[in-house]
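Please look at the protein below and follow its chain from one end to the other. The paragraphs after it go from the overall form to single residues.

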Amino acid sequence: MNYKRVLVTGGCGFIGSHFIKYLLKKYKNISVVNVDILNYAANPENVREAARDKRYRFYKADISDYGTMAAIMKKHRI
Ligand SMILES: NC(=O)c1ccc[n+]([C@@H]2O[C@H](COP(=O)([O-])OP(=O)(O)OC[C@H]3O[C@@H](n4cnc5c(N)ncnc54)[C@H](O)[C@@H]3O)[C@@H](O)[C@H]2O)c1
């Protein structure tokens with residue numbers, strides 16, 4: 001598998017945080033960008049371990065914000 005950059009939205013929630021842990025553990029040749037608005041359902045503790053991984057980046061943003069999402073995707077070449 002070639003190197004991949006993966007965008008996960010809602011990654012501080014229940015499903016997203018487990019998905020991020022799974023991706024980082026299973027695939028060494030990926031990086032993960034997590035975009036989460038951090039609403040009531042988010043728990044940053046869920047990704048505390050991932051945050052120590054150099055392959056992980058977090059952005060607090062709303063995925064309905066087109067400009068911000070486009071900038072994040074361009075910056076990380078997702
Ligand atoms: N312990 C448990 O078993 C447990 C705990 C929580 C949830 N659940 C279940 O998991 C399912 C839901 O999980 P989920 O991960 O889909 O939802 P979630 O509600 O757990 O997380 C959603 C995440 O998306 C983020 N988000 C919401 N709107 C956003 C936006 N516009 N832009 C960016 N980020 C945004 C939130 O901040 C949150 O971190 C449900 O079935 C629920 O019952 C189970």
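**Overall form**

A compact globule of 78 residues would have a radius of gyration near 12 Å, and the protein has 12 Å, which agrees. The radius is taken over C-alpha atoms, and the globule rule is 2.2 Å times the number of residues to the power 0.38. This is a predicted model: local features need pLDDT of at least 70, side-chain atom pairs count only at pLDDT 80 or more, and totals for chains, interfaces and linings use all residues. Residues are numbered from 1 along each chain as its sequence is written.

The C-alpha trace spans about 30 × 25 × 20 Å along its principal axes. The protein has 2 helices and 3 strands, and from the N terminus on its elements run β-α-β-β-α. Helices (H or I, at least four residues) and strands (E, at least two) are DSSP runs, numbered from the N terminus.

Of the 78 residues, 15% count as buried. A residue is buried if 20 or more other C-beta atoms lie within 10 Å of its own, exposed if 12 or fewer, and partly exposed in between, with C-beta atoms placed from the backbone. Among contacts with a separation of 6 or more, 70% are made by residues 24 or more positions apart. Two residues are in contact if their C-beta atoms, placed from the backbone, lie within 7 Å.

**Strands and core**

Strand 1 and strand 2 run parallel and are joined by 6 bridges; two strands pair if DSSP finds at least two bridges between them. One of the bridge partners in strand 2 is V32, which pairs with V6.

The largest nonpolar core has 8 residues in all: V8, C12, I20, V32, V33, V35, V47 and A50. Strand 2 gives the most to this core, with 3 residues. Such a core is a set of buried Ala, Val, Leu, Ile, Met, Phe, Trp, Tyr and Cys residues joined through C-beta atoms within 7 Å. Leaving aside neighbours within four places in sequence, the core residue A50 is in contact with I20, K21, L24 and Y56.

E49 is placed in the loop between strand 2 and strand 3 (56–60). With 14 other C-beta atoms within 10 Å, E49 is partly exposed.

**The ligand**

How many residues surround the ligand? There are 17, and the closest are G10, G13, I15, A41 and A42. A residue is near a molecule if its C-beta atom, placed from the backbone, lies within 6 Å of it. Helix 1 (14–26) and strand 2 (30–36) each supply at least two residues of this shell, and the largest share, 3 residues, comes from helix 1.

By class, the shell has 9 nonpolar, 6 polar and 2 charged residues. Ala, Val, Leu, Ile, Met, Phe, Trp, Tyr, Cys and Pro count as nonpolar, Asp, Glu, Lys and Arg as charged, and the others, Gly among them, as polar.

**From strand 3 to the chain end**

K60 is found in strand 3 and is partly exposed, with 13 other C-beta atoms within 10 Å. Not counting residues up to four places away in sequence, K60 touches D36, I37 and L38. K60 and D36 are 24 residues apart in sequence, yet 5.2 Å apart in space, C-alpha to C-alpha.

L38 lies in the loop between strand 2 and strand 3. It has a positive phi of about 60° although it is not a glycine.

Helix 2 covers residues 66–75; the number buried among its 10 residues is 0, so it lies largely in the open. Helix 2 is followed by R77, whose phi is positive, near 50°. R77 is exposed, with 6 other C-beta atoms within 10 Å.

The chain end also leads back to strand 1 (residues 4–9), the place of R5. Leaving aside neighbours within four places in sequence, R5 is in contact with S31, V33, H76, R77 and I78. R5 and M73 are 68 residues apart in sequence and 9.5 Å apart in space, C-alpha to C-alpha.
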